Structures are given as C-alpha cells and as structure tokens.
Amino acid sequence: MEPQRPLTLLRTAAGSPPSVTQYRAFQDLGCRIVAADCDGRSVGFRFADASHVVPRVGEPAYLDRMVDICRLEGVDLFLPALDEELVLCASNLARFESAGTRVLVSGPRALAVCTDKLLTFGMFRDLGIPTPRTIAAAEYREGAFAAYPVVVKPRSGRGGAGVHVARDHAEAAFYAARVPDPIVQEHCAGEELTLDVLADLESELVVLSPRRRLAVDSGISSKGATCWREDLVEPVRRMVKALGLVGPVNVQCFAGETPRFTEINARIAGTAILSQAAGVPYFQGILDLGRGRVPEPWLKPCRPMVMYRYWEESFQAGGDGA
C-alpha cells in the first residue's frame, strides 16, 4: 500500500495561548502545520512548520490572503479558530475548494445562531433543552427576574469579555448601560462544564467529552478535569442535528441536578487538548473529517485526568523583537 501523504493543516490565531499545544498535538498525529496570525511575533509561529502574517479578520484583503496561503502551502484542511472568521469562511467555501482546501466549519445558518446568545437561547427553548431565561437588555426592568444575581453580558462575544454578575437591580442596570448590545440572563448555580463535541459531515454527534472548568483566566480554563454525565448526550445530539453543526464545536453548560445549557461555540475549544490527553480521539477525529472519513465514535467516559496549565517561554537568539 502506498504511504499516506502527511495532511497539511492551517490553523489561525497563532498568538493565542492554546495554539502551541494544539499545533504539537496535530504534529504528533503526522500533520504539517501552517500557522497564521495578524501579529508577526505570535508564539505559534515558532512551533509551526510554516507561518504567515495575515490581515485582521474583516479587513478587505483577509479572504484573498487566506486563499493564497492555502494554494501556496498546499493546505488540505483549514481550521478557523476565531469566531469572527467562521461566518466569512463558511460563506466562501467555494474559493477555498478551488485551492484544494476543505474548511471544517458549520454553515452560515448555524453560525448565525451560535454567535448570537439571544438566538442560542431561543433555539434551546424551541428544542426543549434546559437553559437559563435570557432577555435583551432593552426588555430588562426591575422585577424582570424572580431573583438576583443575574448575568449581564454581550449578545455576541468571546473569552468572557464583558461578562458581569449583577447582585441586585442597581448593578444590573449599571452594567446593562455599559456593556455593548447586552443581554440579561438568569444566573446558574453549580459548576460550569465545557463539552468538546465533534459532529460528522452529516451533523451526527460522534464525539462528546465533558470537562470541568476548575479555574478560568481570561475566558480560558487554567485548571480542568475530565468528567462524564450520560444526561448530556441526548440534548447535545439534538442541538447538533437541529442546527446542522459540522466539525469541532464546544458547548457550555452548568451541571446542576439537570444540566442547563448556555452557549455553543462552533469551533475547537482552547482546552480541547485535555480531552485528547485523556484518551479521547478528538484531534484524530478532526483529521478524519478532513480526509472525508467517518471519525471513531466516542460517547462514553474517558480516563479521569486533571490539567494544570503554566507559562513556558520560547527564546530566539539574536532576535530584536521587531
């Protein structure tokens, strides 16, 4: 049998804290990694096999540059890592396909819901999936919720930016007047979980791996632990199918007696490396989808494992930082 050619994978956001561990994990699986970021001093550039500085998402030249990189580097699989680029890339799949690249991303309709927390709430409610009550801040009045605290946060956002817990009406009104395009949400008690989800090309749930967020810094889990709840499987399967989700997704929920779901992010999570380390074939499943194959199913507990994150430096002799 002819040896299989290494798959070339493009992942953006090379300057993000989790980029290095994800590059290494894909390289361990035989991938050639192409990194991209708008900052030429991104740490991920030092660990990738090739790297490119690109315009910021939303700048006119961004899309042309990404397609050019795919053609130049022979990229087989493009894995967008930023919410801002998901819709743009999903709306231009034909351009990437013309360069021989598959973009592993959900469709524009699904992304419109996932990037809007008020629409996400409505979708959960319509599917009968438990979720905390959520309203637009314009509808918020004293007494709108039976109890405090409530959570005020941007209707669209990531990384925990602009999220505030308001202990009473005065605080809720204060934050609602200052957070851009805010929503107000019932506060959930209990531990927050992130669910690493993989959906196949037919929007069937194939991998589910819950993780406890033991400590969070700037929206990224700094300490975490694997866990399992059987009652997560069916609601996640329903939302994946109803939205037509494809590829890596992460879902947020609170683990009370009944799990209550809050957000869907239609991209790989920054801490998905914990699921991979615990034996879940998550990164391998992403590569299988990139090759058009059916990933190995994993809807069961994985090895119990705790993750502790720390800083690590990379040094460049002779560099002036310019």
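Reply: Two strands count as paired if DSSP finds at least two bridges between them. The model here is predicted. In it, β13 and β14 form a hairpin, with three residues between the two strands. Their pairing is antiparallel and extends over six bridges; within it, V251 has I264 of β14 as its bridge partner.

Me: With which strand does β10 pair, and in which sense?

Reply: β10 pairs with β13 in the antiparallel sense, over eight bridges.

Me: How many residues of β13 are buried?

Reply: Buried denotes a relative accessible area under 20%. By that criterion eight of the nine residues of β13 are buried, and the strand is mostly covered.

Me: How should I read a nonpolar core, and which residues have the most contacts inside the largest one?

Reply: In soluble globular proteins, nonpolar side chains tend to be buried together. In this model the largest nonpolar core holds 46 residues, and L195, F261 and I264 have the most contacts inside it. Helix α2 (residues 62-73) supplies the largest share of this core, six residues. Another core, of 30 residues, lies apart from it and includes F45, L198, V280 and F283.

Me: How does one read a helix such as α2, and why do its buried residues line one face?

Reply: From first C-alpha to last, the 12 residues of α2 reach 16 Å, close to the 16 Å expected at 1.5 Å a residue. The buried residues are Y62, L63, M66, V67, I69, C70 and E73. Viewed down the helix axis, these buried residues of α2 fall within an arc of 155 degrees, so they line one face of the helix. They pack against β1 (8-11), β2 (32-37), β3 (50-53), β4 (77-79), α3 (83-90) and α4 (93-98). After α2 comes G74, with a positive phi near 65 degrees.

Me: Which residues of helix α8 are buried, and what covers them?

Reply: In α8 (residues 233-243), the buried residues are V233, P235, V236, M239, V240 and L243. Their cover includes the helices α5 (108-114) and α6 (117-127), together with the strands β10 (192-199), β11 (205-217), β13 (247-255) and β14 (259-265). Just after α8, G244 has a positive phi of about 75 degrees.

Me: Is S275 buried or exposed, and with which residues is it in contact beyond its neighbours in sequence?

Reply: S275 belongs to helix α9 (residues 272-277). S275 counts as buried because its relative accessibility is 0%. Leaving aside neighbours within four places in sequence, S275 is in contact with D196, S209, R211 and V280.

Me: In what order do the strands of the open sheet lie?

Reply: The four strands lie in the order β6-β9-β7-β8, with antiparallel pairing. The edge strands, β6 (134-136) and β8 (164-166), each pair on one side only. Neighbouring strands of this sheet are turned by 30 degrees against each other on average, direction ignored. Between β6 and β9 (residues 182-186) there are three bridges, and A136 stands opposite I183 in β9.

Me: Which helices lie across strands of this sheet?

Reply: Helix α6 lies across β6, β7 (150-154) and β9, and runs at about 140 degrees to β6. Helix α7 (residues 169-176) lies across β7, β8 and β9, at about 145 degrees to β8.

Notes: Residues are numbered from 1 along each chain as its sequence is written. This is a predicted model: local features need pLDDT of at least 70, side-chain atom pairs count only at pLDDT 80 or more; totals for chains, interfaces and linings use all residues. Side-chain values use heavy atoms; hydrogens and water are left out. A nonpolar core is a set of buried Ala, Val, Leu, Ile, Met, Phe, Trp, Tyr and Cys residues joined through side-chain atoms within 4.5 Å. Buried means under 20% relative accessible area, exposed over 50%, partly exposed in between (1.4 Å probe, protein chains only). Contact means heavy atoms within 4.5 Å. The expected span of a helix is 1.5 Å times one less than its number of residues. The arc is that of the directions from the helix axis to the C-beta atoms. Axes are lines fitted to C-alpha atoms, for helices over the stretch in contact, and angles run from 0 to 180 degrees between N-to-C directions.
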